[in-house]
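Trainee: I am new to this structure and would like to learn how to read its features. May we go through them one at a time?

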Amino acid sequence: ITAFIHSADELREAEYPIHPAAFTSIEDAALEAQRRQRTNQSAMQGWVDTAVASTSPKLPPPAHIESGSITLGLDVYALDCEMVLTTDDVYSLARISVLDWSGTTVLDSFVKPSLPVKNYFTQYSGVTPALLSNVTTTLADIQSKLLHLLTPSAILLGHSLESDLNAMKLTHPFVGDT
């Protein structure tokens, strides 16, 4: 599974917000930090980075890896988010779903956007005003859950994850995008 993790260059090319651990060069990491500050993708704007310091996932001891395992004993999660357009013309998180490698639902939650919704994109997202009307879960609540879930041994899989990560205001260095 580690062969599918995108490099910092691949992430940059796909317009991902890039986690500091994705860089092998201190200079490149500093340039990315400056870019994130200029583009409102820093902690001051509510962004969080997972607690990862290494450029590659933390593998369990070899004795704990099942022979022939494609996951190498890592925590692999499939992620998908649904967004709505808020009055600031930003795509804001409205629902997040996370499955583990075995297909078990780890997280499935609607999220209350911090600003009024301008467009629900119901035909694509399935999100309606009624579904969000009593939701109290915030983006910060979801970020907190993900910071506990996305450890140095976690890999995220999904489609166009740059959009999901932008909506979650979160970076993680180990991403495999279809």
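Mentor: We shall consider a strand, a helix and a pocket in turn. Please note that this is a predicted model.

Trainee: How many of the five residues of strand β6 are buried?

Mentor: A general idea comes first: in a regular strand the side chains alternate between the two faces of the sheet. In strand β6, residues 154–158, four of the five residues are buried, so the strand is largely enclosed by the rest of the structure.

Trainee: Which strands pair with β6?

Mentor: Strand β2, residues 75–86, pairs with β6 in the parallel sense over four bridges. Within this pairing, V76 stands opposite I155 of β6. Strand β8, residues 175–177, also pairs with β6 in the parallel sense, over three bridges. Here L157 stands opposite G176 of β8.

Trainee: Which residues of helix α5 are buried?

Mentor: In α5, which spans residues 139–149, the buried residues are I142, Q143, L146 and L149. Seen down the axis of α5, these buried residues fall within an arc of 125°, and they therefore line one face of the helix.

Trainee: What is the volume of the largest pocket, and which residues lie nearest its centre?

Mentor: The volume of the largest pocket is about 450 Å³. Its lining comprises 21 residues, and V90, Y91, S92, A167 and K169 lie nearest the centre.

Trainee: Which elements each supply at least two residues of that lining, the lining of the largest pocket?

Mentor: They are β2, β3 (91–100) and α6 (161–168). By class, the lining of the largest pocket has 10 nonpolar, seven polar and four charged residues.

Technical notes:
Residues numbered from 1 in each chain as written. Predicted model: local features only at pLDDT ≥ 70, side-chain atom pairs only at ≥ 80, totals over all residues. Heavy atoms only, no water. Buried < 20%, exposed > 50% of the residue type's maximum accessible area, 1.4 Å probe, protein only. Pairing = 2+ DSSP bridges. Arc of directions from axis to C-beta. 1 Å grid on protein atoms, 1.4 Å probe; cavity = no way out; pocket = protein on both sides within 12 Å on 5 of 7 lines; lining within 4 Å. Points joined across faces, edges and corners; volume = space filled by probe spheres on them. Nonpolar A, V, L, I, M, F, W, Y, C, P; charged D, E, K, R; others polar.
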